[in-house]
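Dear colleague,

Please find the sequence and the structure below. My notes on what was found follow directly after them.

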Amino acid sequence: MQKELRDRFGPLPPAVELLLLVAELKVLASEKSVTVIEVKDDKLMLTRQGDFITLGGKFPRLTKKQAGARLKEIKKLLLVI
């Protein structure tokens, strides 16, 4: 879809890039049966079937501060679980 939008409209604004990344995260989360993606105090809290998903007994920490970078971090973690 991203390619088609670029072909039709040219370079995409940053907000649209973020929107497409969020949509991709929703699809990935659905494939992994993750129902909730939440970030509190740099902690990524993923919920599957009402239970939190932890790595090594802890919530993964996000290290990036910018929205796009954080979304990419979440994507990498979703691919791991």
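Does Lys75 count as buried, partly exposed or exposed, and at what relative accessibility? Lys75 counts as partly exposed, at 25% relative accessibility; here buried means under 20% relative accessible area, exposed means over 50%, and partly exposed lies in between, with a 1.4 Å probe and protein chains only.

Please note that this is a predicted model, in which local features need pLDDT of at least 70 and side-chain atom pairs count only at pLDDT 80 or more, whereas totals for chains, interfaces and linings use all residues. Residues are numbered from 1 along each chain as its sequence is written, and side-chain values use heavy atoms, with hydrogens and water left out.

The sheet

Helices (H or I, at least four residues) and strands (E, at least two) are DSSP runs, numbered from the N terminus. Three strands make up an open antiparallel sheet, in the order E1-E2-E3; two strands pair if DSSP finds at least two bridges between them. Strand E1 (36-40) and strand E3 (51-53) are at the edges with a single partner strand each, so one side of each has no neighbour in the sheet. From one strand to the next, the twist averages 35 degrees. Axes are lines fitted to C-alpha atoms, for helices over the stretch in contact, and angles run from 0 to 180 degrees between N-to-C directions.

Five bridges join E1 to strand E2 (residues 43-48) in the antiparallel sense. Val39 stands opposite Leu44 in E2, and Ile37 has Leu46 in E2 as its bridge partner. The hairpin of E1 and E2 has two residues between the strands, and Asp41 takes a positive phi there, near 50 degrees. Helix H3 (residues 67-80) packs on the sheet and touches E1 and E2, its direction making about 130 degrees with that of E1. Contact means heavy atoms within 4.5 Å.

Gly10 follows H1 and has a positive phi, near 90 degrees.

A salt bridge is a side-chain nitrogen of Lys or Arg within 4 Å of a carboxyl oxygen of Asp or Glu. The count by this rule comes to six salt bridges. One of them joins the side chains of Glu17 and Arg6, at 2.7 Å from N to O. Glu17 lies in helix H2 (residues 14-31) and Arg6 in helix H1, so the pair ties together parts that are eleven residues apart in sequence. Glu17 is partly exposed, with a relative accessible area of 26%, and Arg6 is partly exposed as well, at 38%.

Links made by helix H3

Which residue forms a salt bridge with Lys75? The partner is Glu24, with the closest N and O atoms 2.7 Å apart. Because Glu24 lies in helix H2 and Lys75 in helix H3, this pair ties together parts that are 51 residues apart in sequence. Glu24 is partly exposed, with a relative accessible area of 33%.

Arg70 and Asp42 also meet through their side chains in a salt bridge, at 3.1 Å from N to O. This pair links distant parts of the chain, with Arg70 in helix H3 and Asp42 in the loop between E1 and E2, 28 residues apart. Arg70 is buried, with a relative accessible area of 16%, whereas Asp42 is partly exposed at 25%. Salt bridges with shared partners join Asp42, Lys65 and Arg70 into one network. Not counting residues up to four places away in sequence, Arg70 touches Val39, Asp42, Leu62, Lys64 and Lys65.

A buried glutamate

Glu73 is in helix H3.

The side chain of Glu73 does make a polar contact with the side chain of Thr63, at 2.9 Å, and reaches the backbone nitrogen of Lys64 at 3.0 Å. A polar contact is a pair of N or O atoms within 3.5 Å; within protein, one must be able to donate a hydrogen and the other to accept it, and residues adjacent in sequence count only if both atoms are side-chain atoms. Leaving out residues up to four places away in sequence, Glu73 touches Arg61, Leu62, Thr63 and Lys64.

With kind regards
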